[in-house]
Amino acid sequence: MFLKGKTALITGSTSGIGAGYAKALAAEGAAVMINGFGDEGEIEALRQELESLSNAGALYSNADMTKPEQIRQMCSDCAEELGSVDILINNAGIQFVSPVDEFPEDKWNDIMDIIMNSAFHTTKAVVPAMKEKGWGRIINTGSMHSKVASPYKSAYNAAKHAIDGFTKTIALEVAQQGITVNTISPGYTWTPLIEGQIPATMEVRGLSREEVINDVLLAPQPTKEFVQIEQIGALAVFLCKDEARAITGANISIDGGWTAQ
Ligand code: NAD
């Protein structure tokens with residue numbers, strides 16, 4: 001329970017990888033604010049699970065990561081109700097699969113706002129208190145698509161490459177203030193986001209569900225296994241330890257060897 005007394009804010013954590021981060025940090029004693037959309041009952045059940053894991057507070061914010069005003073409100077609510085943010089994980093993300101010449105403008109803007117611009121707004125809001133305390137951890141969820149590309153995901157790949165540049169910049173700015181800033185870049189991880197893009201990929205490429213899973217999703221992942229949510233949570237926990245204080249500005253792959261090729 002080495003995170004007892006610390007507060008974590010995780011965007012996009014009502015589901016998938018974000019919920020995994022929340023459980024992993026709560027299991028080490030952190031008070032957690034979760035965020036995202038979804039079924040009210042399921043979100044409340046997750047919130048209660050987090051409280052029982054941590055023996056500390058757990059709160060939910062429905063702030064929309066496309067709305068800067070709501071993002072700032074979420075950060076100040078977290079500071080007021082749980083304590084100023086010690087650990088920030090920018091994780092909210094959506095995907096849209098389309099050739100660039102047909103890519104809808106509203107989808108492009110949503111992906112940029114949710115993945116990249118929200119991370120700017122949260123970081124700007126929480127860094128002053130981290131500087132004051134002389135301790136902080138900022139983790140941005142990247143992707144193998146923060147390092148390499150696949151076709152039909154122009155907005156997502158652009159936003160994920162941008163988050164890597166943002167990570168490096170902030171890491172340099174706060175390097176002497178006890179704050180580390182890193183990107184965790186998972187390969188294909190079995191979550192609702194992946195499940196959701198199977199029908200569109202079936203359509204665009206004219207494939208069956210099995211073919212999309214084995215011949216598209218897992219084809220470039222050398223282990224031929226999906227990354228597990230718990231493995232990503234464990235990496236985030238390690239980055240919060242004192243032993244990880246020299247790791248900053250890094251983009252750490254957890255991708256079954258995807259980007260080694
Ligand atoms: P997911 O769909 O399970 O979770 C996405 C979360 O973001 C949910 O909590 C959702 O409610 C939230 N969200 C979406 N739009 C939002 C908005 N406007 N405001 C606030 N919250 C919003 O997906 P996931 O697979 O767990 O993805 C989490 C992160 O991991 C994303 O950044 C994604 O790009 C990244 N990632 C996923 C994979 C993968 O294979 N699943 C691989 C690499 C990177």
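Helix 1 (16-26), helix 5 (154-173) and helix 6 (192-205) each contribute at least two residues to the shell around the ligand, and helix 6 gives the most, with 3 residues; helices here are DSSP runs of H or I with at least four residues, strands are runs of E with at least two, and both are numbered from the N terminus. The model is a predicted one, in which local features need pLDDT of at least 70 and side-chain atom pairs count only at pLDDT 80 or more, whereas totals for chains, interfaces and linings use all residues. Residues are numbered from 1 along each chain as its sequence is written, and side-chain values use heavy atoms, with hydrogens and water left out.

The ligand is surrounded by 30 residues, of which the closest are Thr-14, Ser-15, Tyr-156, Thr-189 and Thr-191, where a surrounding residue has a heavy atom within 4 Å of the ligand. Polar contacts (pairs of N or O atoms within 3.5 Å) include these:

| Residue | Protein atom | Ligand atom | Distance |
|---|---|---|---|
| Ser-15 | side-chain N or O | oxygen | 2.5 Å |
| Met-65 | backbone N or O | nitrogen | 2.8 Å |
| Thr-189 | polar backbone atom | oxygen | 2.7 Å |

Of the 830 Å² of accessible area that the ligand has on its own, the protein covers 93% (Shrake-Rupley method, 1.4 Å probe).

Gln-95 is placed in the loop between strand 4 (87-90) and helix 4 (105-133), and this residue counts as buried because its relative accessibility is 16%, the cut-off for buried being under 20% relative accessible area (1.4 Å probe, protein chains only). Beyond its neighbours within four places in sequence, Gln-95 is in contact (heavy atoms within 4.5 Å) with Ile-111, Lys-153, Tyr-156, Leu-193 and Gln-197.

Definitions and conventions
Buried < 20%, exposed > 50% of the residue type's maximum accessible area, 1.4 Å probe, protein only. Polar contact = N/O pair within 3.5 Å; in protein donor to acceptor, adjacent residues only side chain to side chain.
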